[in-house]
Each structure stands twice: as structure tokens, then as C-alpha cells.
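This briefing is intended for a reader who is meeting the structure for the first time. Please look over the sequence and the model before turning to the points below.

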Amino acid sequence: MSKSERPSDTAFRKTWDRAEYAQKAAEREASVKEKSKARAEAKALGKKYYPRPSTPPDAKETVSRQTRLDVSANVGKTTLVPAGASTGKRGRGAGFYCQDCDLTFKDNLQFVDHLNSKQHLSNTGQSGEVRRATLEEVRERLEWLVQKKKEEAEAVEKVVDLDQRLEKREEELEREREEKRRKRREKRRKTEGGVGIKEEVVEGNGIIC
């Protein structure tokens, strides 16, 4: 082994890629400048600056809720909550609980605001950005709305108001009474002399004293 190939007493130390760390330093400096600019803009508008968390690469686009939010589902119900179950908003307690963020809200308006917040969207894997609809999707949506409006109009026409329902019921009752009278007349004609079956009335309404 030549003298130049012999390991020195500092050969165990890690070597650093100067170009890689110079690029990281430049990116960090650009990030600091961007945050400083955003903080200054928020201060000029009289608002408080909140640093935006980094968006995960697998985050999906934000979409509207497919089901109606029922905030009155627990009205009139009793819920048992152990003592010390939640500290402030953190943890599950009495109120509106968000399972994704492990937060409890005492007011339904705060709960709705939280569902639309960046914190909740980030915890549910949404980027907070809404995809722009294409022209074809807008046309399909308009056609669906037109068809839905026609179906609702047809459903309204089929609904009978209260006066018509009462009138129809009265006609049915009159037909039933007419049918009963017809049957009595036929029964009377079948008896001798056409006088029908004689009804005997017992004095005292049939009660023997």
C-alpha cells in the first residue's frame, strides 16, 4: 500500500455534498422570504398571519358534502360523558365531536366552521383546492337540473288538495249508501207481498224486567 492510499486519522468522518446542502440552504432562504412577505401582507391588512401547513402529495381535491349535515340529530337525547373526558376542545366530550381532528365543539356554528377550515381539510386528506369544472360537466349539470325541475312539477300536479280529497270521499260514501239502499229494496221484493221482513220491537228495548 502506497503512502497516499493509507487511511488518515480523519477517514471515518462523514463527507458532505456541498452542492446538495447549498441547494437546501437556498430553498430554506426562499421559504423564509415568502413567509416574511405573507406576514407583512397580513399585517398591512390588519389580520393575523397563520403559516399554511405543507400539502401532502397524495391529497385529493376538496369536494362538497354529499349528505346534508344534521346538527339536530342529538336534540332531546342524553349522553353520558366521563369526567375529564376532554380538556377544552381537545378530546370527545358533550357537544359536536369531530373524529378526524379529535375536537369537540359546544356550538353548531363553530362545528360547521371547523368542517370548512384548513385544519379539518388537511386532516381528512384534502388539499383545500377546488377543481374547475369543464364545459361538458356544466352542460350535464344544467340538463340534470332541468330534468329534476320537470319531475318536481309533475309530482306537484299529482298531489290533490284537501277540498278535492274531501269531495272525493263524500262521493264514495254516497255510493256506499246507495248500494245499501239497493240491497234493502232487493231483499224487500223477495219476501211475500213485497213488504219485507217484519221487525218486532220488544217493549223496554228487549230488556225483560
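The points below take up aromatic rings, salt bridges, a helix and its ends, a loop residue and a surface patch.

The model is a predicted one. A search of the whole structure finds 2 aromatic pairs and 10 salt bridges. Ring pairs join F96, F105 and F111 into a cluster, while a network of salt bridges that share partners includes E170 and R185.

**Aromatic cluster**

- A pair of aromatic rings is described by the distance of the centres and the angle of the planes.
- F96 and F111 form a stacked pair, with 5.7 Å from centre to centre and 20 degrees between the planes.
- This pair links distant parts of the chain, since F96 belongs to strand β1 and F111 to helix α2 (residues 108–115), 15 residues apart.
- F105 and F111 form a tilted pair, because their ring centres are 6.3 Å apart and their planes stand at 50 degrees.
- F111 has a relative accessible area of 10% and is therefore buried.
- F105 is likewise buried, at 5% relative accessibility.

**Salt bridges**

- Side chains of opposite charge can pair when their charged atoms come close.
- R169 and E172 meet in a salt bridge with an N to O distance of 3.2 Å.
- R169 and E172 are 3 residues apart in helix α5 (residues 162–190), so about one helical turn separates them.
- R169 is partly exposed, with a relative accessible area of 43%, and E172 is partly exposed with 26%.
- E179 and R182 form a salt bridge whose closest N and O atoms are 2.2 Å apart.
- E179 and R182 also lie in helix α5, and because they are 3 residues apart, about one helical turn separates them.
- E179 counts as partly exposed at a relative accessible area of 34%, and R182 counts as partly exposed at 31%.
- Salt bridges that share partners join E170, E174, R177, E178, R181 and R185 into one network.
- Within this network, R185 forms a salt bridge with E178, and the closest N and O atoms of the two are 3.7 Å apart.
- R185 is partly exposed at 36% relative accessibility, as is E178 at 37%.

**Helix α1 and its ends**

- Helix α1 covers residues 18–44, which makes 27 residues.
- From its first C-alpha to its last, α1 reaches 39 Å, close to the 39 Å expected at 1.5 Å a residue.
- At the start of α1, a side-chain oxygen of D17 comes to within 3.3 Å of the backbone nitrogen of A19.
- G46 follows α1 and has a positive phi, near 75 degrees.

**A loop residue with positive phi**

- Most residues other than glycine have a negative phi.
- D102 is not a glycine, yet its phi is positive, at about 55 degrees.
- The loop that holds D102 runs between β1 (96–98) and β2 (103–105).
- D102 counts as partly exposed, with 31% relative accessibility.

**Nonpolar surface patch**

- V138, L142, W144 and L145 make a nonpolar surface patch of about 360 Å².
- One of these residues, L145, lies in helix α4 (residues 135–158).
- L145 is partly exposed, at 39% relative accessibility.

How values were computed:
Residues numbered from 1 in each chain as written. Predicted model: local features only at pLDDT ≥ 70, side-chain atom pairs only at ≥ 80, totals over all residues. Heavy atoms only, no water. Patch = residues over 30% accessible without salt bridge, like charges linked within 9 Å, V, L, I, M, F, W, Y side chains within 5 Å. Areas by Shrake-Rupley, 256 points an atom, 1.4 Å probe, with all protein chains shown as cover. Salt bridge = Lys/Arg side-chain N within 4 Å of Asp/Glu carboxyl O. Helix = DSSP H or I, 4+ residues; strand = E, 2+ residues; numbered from the N terminus. Buried < 20%, exposed > 50% of the residue type's maximum accessible area, 1.4 Å probe, protein only. Expected span 1.5 Å × (residues − 1). Polar contact = N/O pair within 3.5 Å; in protein donor to acceptor, adjacent residues only side chain to side chain. Phe/Tyr/Trp six-rings, centres within 6.5 Å; stacked < 30°, edge-to-face > 60°.
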